[in-house]
Amino acid sequence: MASITIERVAKSFGEVRALAEVDLTVADGEFLALLGPSGCGKTTLLRIVAGLESQTTGRVLIGARDVSALPPRKRGLAMVFQNYAVFPHLTVYENVAFGLRMARADKARIAAQVEKAAALLHIEALLRRHPAQLSGGQRQRVAVARALAVEPAVLLMDEPLSNLDALLRLEMRAELKAVLSEAGTTTIYVTHDQTEAMGLADRIAVMQAGRIEQIGSPSEIYDRPATRFVGGFVGSPPMNFLELPVQDGKVDLGGLALAAPPGAGARVLLGLRGEDIALARPAEAGFAFTLKVAELLGPQVLLTGVAAGGQPLRIVLPAAGPLPPLTAGGDILLKPDPARLRWMNEAGKALEGSP
Amino acid sequence: MSEARPPSSNRALLWAGVAVLCAWTLLPIYLLALGALGGREIVSQWPKPFAPLGLSLQTLGTFLAIEGVWRATWVSVKAAALTMAMALALGVPAGYALARFRFRGAGAYRVLILMTRAFPVAILALPLTVSFIRLGVYDTPLGVALVHAVLATPFATLVCASLFMGIPKELEEAAWVFGCSRFTGFLRVVLPLALPGIAAASIFAFVLSWNEVFAASVLTVRQRTLTAYLLSVLSESPLHLQFAGGLVLIVPSVLFIFLVRRRLFAMWGIGNR
């Protein structure tokens, strides 16, 4: 068990800047997800922590130990790779035992550890098989068991579920959460899937273009995105952003006047989650929304349309609740939840004092 | 549309292909064996009888009794084994470097490796002889193997490079993470996975040395390899004896291929077990 400290780590590949001075601390036993679109530098950061890639500047500490110059094998960590990387010429048992063998653990300890890891991942029946005889999900379990068998101080996971089909991914996600919380290992988990990050992590670091946009708990990230990018990347559908004019301390949202946030310029950006918008009751003040498409998504209805001068807006209404007539081109009067308005400046950064 | 075709015509095509391929390799061997085992008459007979009567091992016996054949065979085995060892000792690391490291001039290096084969050995014969005498390796299996290794190494290098490229880098990285250095990771993960291909490269090196006759003839006098020895002895001999020599020459190659065939075909798949 150990914490991970990443200090001003930057990485350039020739002219291309992959990481720009990243600072990040992962507490002992914490599960941190690195979330971002492909090419944002999250995998590069993970590989630098692993020692598979060397940083251009900055340093990495595991516990109190500076591991910046150490090869992967001396960092006391384990890793689960995106394509599993289980050794095809070894049996499942030999795969799980690999790290312990390399560490020259004695036979009894290896057997005990392999048995424990295999039981945790439910692969006891597969121990004598070769990876070619396993399904993708089973190989993934072997890869995780191999990592846990060495009882690493730090566990790194690089999109471990992205090669599984959707149903299996859901199943493995729940199982992974149970297994990892039992192991209590400090974990960095790289993913581009925001539902995975939300579901698994204690904290999420959202990355874009080589820098960390925001670090916070899943609910902080979801409810209080620090930037327009974070709001647009996390959540399905993503957060809506409306660019609105400010006049005399009032913001005009398609006819509805809202109190301007402190620090607002001539124009502000209003971030609104689709589920934080409701139908305005008759005689209640609201703003006009022109419906284009309505989609029924099980318990919810997703309405796509435009508001506030033709800006796109998506709202989510409970399917069981009262619904307006769902005809394309129809006008609907809506009101936002005043407690959940996310104000940002025109550059897309959250304004101080916004809830 | 191949799906619409009746399966019988596909099967006929398949068997025709199989027959052509078999004939391609087996017919020359068959004719060679016929000449070696059939004695004086069959060698000059035409058309050849399909299943000849009166086969005997007499010619082969005569051939094997020729003085120096066994000694030359032993020299050949030594030279071929040395060639193989040297080609792999250079080709495996060079192939690994080509596959895993990006360095300036990698593309040019790849071409240059092949260019060594473009250099005619005939031009090198005299200078090689002179310098080999100076180095004290003239007329030794080692000397022959040195030249053969030059011929075999380019192929071994390129085969190994493509082998290593076919092994996912993540496997090696996993080995590093779980306690291996680059070297032990290579030994424990890359090498076992590349073994079938390396076996193929070693066969090539072995057979190349075994069959090569020009350099072997120029660089040896008493320590002749089998091919060089036969060339000098058999050119004066009757035809059926030459056939017997030919048959004996292909035996070790076949034997060696037979020995490594398991490695050659072993793929780490379901079919393996």
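Author: Two residues are taken to be in contact if their C-beta atoms, placed from the backbone, lie within 7 Å. The model is a predicted one, in which local features need pLDDT of at least 70 and side-chain atom pairs count only at pLDDT 80 or more, while totals for chains, interfaces and linings use all residues. Residues are numbered from 1 along each chain as its sequence is written, and chains are lettered from A and ligands numbered from 1 in the order in which they are written.

By that contact criterion, 22 residues of chain A touch 18 residues of chain B. On the chain A side, β6 (77-80) and α2 (92-102) each supply at least two residues, where helices (H or I, at least four residues) and strands (E, at least two) are DSSP runs numbered from the N terminus. Sorted by class, this side of chain A holds 16 nonpolar, 5 polar and 1 charged residues; here Ala, Val, Leu, Ile, Met, Phe, Trp, Tyr, Cys and Pro count as nonpolar, Asp, Glu, Lys and Arg as charged, and the others, Gly among them, as polar.

The largest nonpolar core has members in both chains: of its 155 residues, Val49(A), Ala145(A), Leu156(A) and Cys160(B) touch the most other members. Such a core is a set of buried Ala, Val, Leu, Ile, Met, Phe, Trp, Tyr and Cys residues joined through C-beta atoms within 7 Å, and a residue is buried if 20 or more other C-beta atoms lie within 10 Å of its own, exposed if 12 or fewer, and partly exposed in between. Helix α7 (residues 141-165) of chain B gives the largest share of this core, 13 residues. Once neighbours within four places in sequence are left aside, the contacts of Ala145(A) are Val96(A), Ala117(A), Ala118(A), Leu120(A), Leu121(A) and Ile123(A).

Turning to the rest of chain A, we find 8 helices and 20 strands, and 43% of its 355 residues count as buried. Its C-alpha atoms fill a box of roughly 80 × 45 × 35 Å along the principal axes.

One open sheet of chain A has 4 strands in the order β2-β1-β4-β5, with antiparallel pairing, two strands being paired if DSSP finds at least two bridges between them. Because β2 (16-26) and β5 (65-66) of chain A stand at the edges with a single partner strand each, one side of each is left without a neighbour in the sheet. Between β1 (residues 4-13) and β2 of chain A there are 7 bridges, and Ser12(A) has Arg17(A) as its bridge partner. Helix α1 (residues 42-50) of chain A lies across β1, β2 and β4 (57-62), running at about 120 degrees to β1(A); axes are lines fitted to C-alpha atoms, for helices over the stretch in contact, and angles run from 0 to 180 degrees between N-to-C directions.

Further along chain A, strand β19 (residues 331-336) pairs in the antiparallel sense with β15 (residues 277-279) over 3 bridges and with β16 (residues 287-297) over 4 bridges. Leu334(A) is the bridge partner of Leu279(A), whereas Leu333(A) stands opposite Ala288(A).
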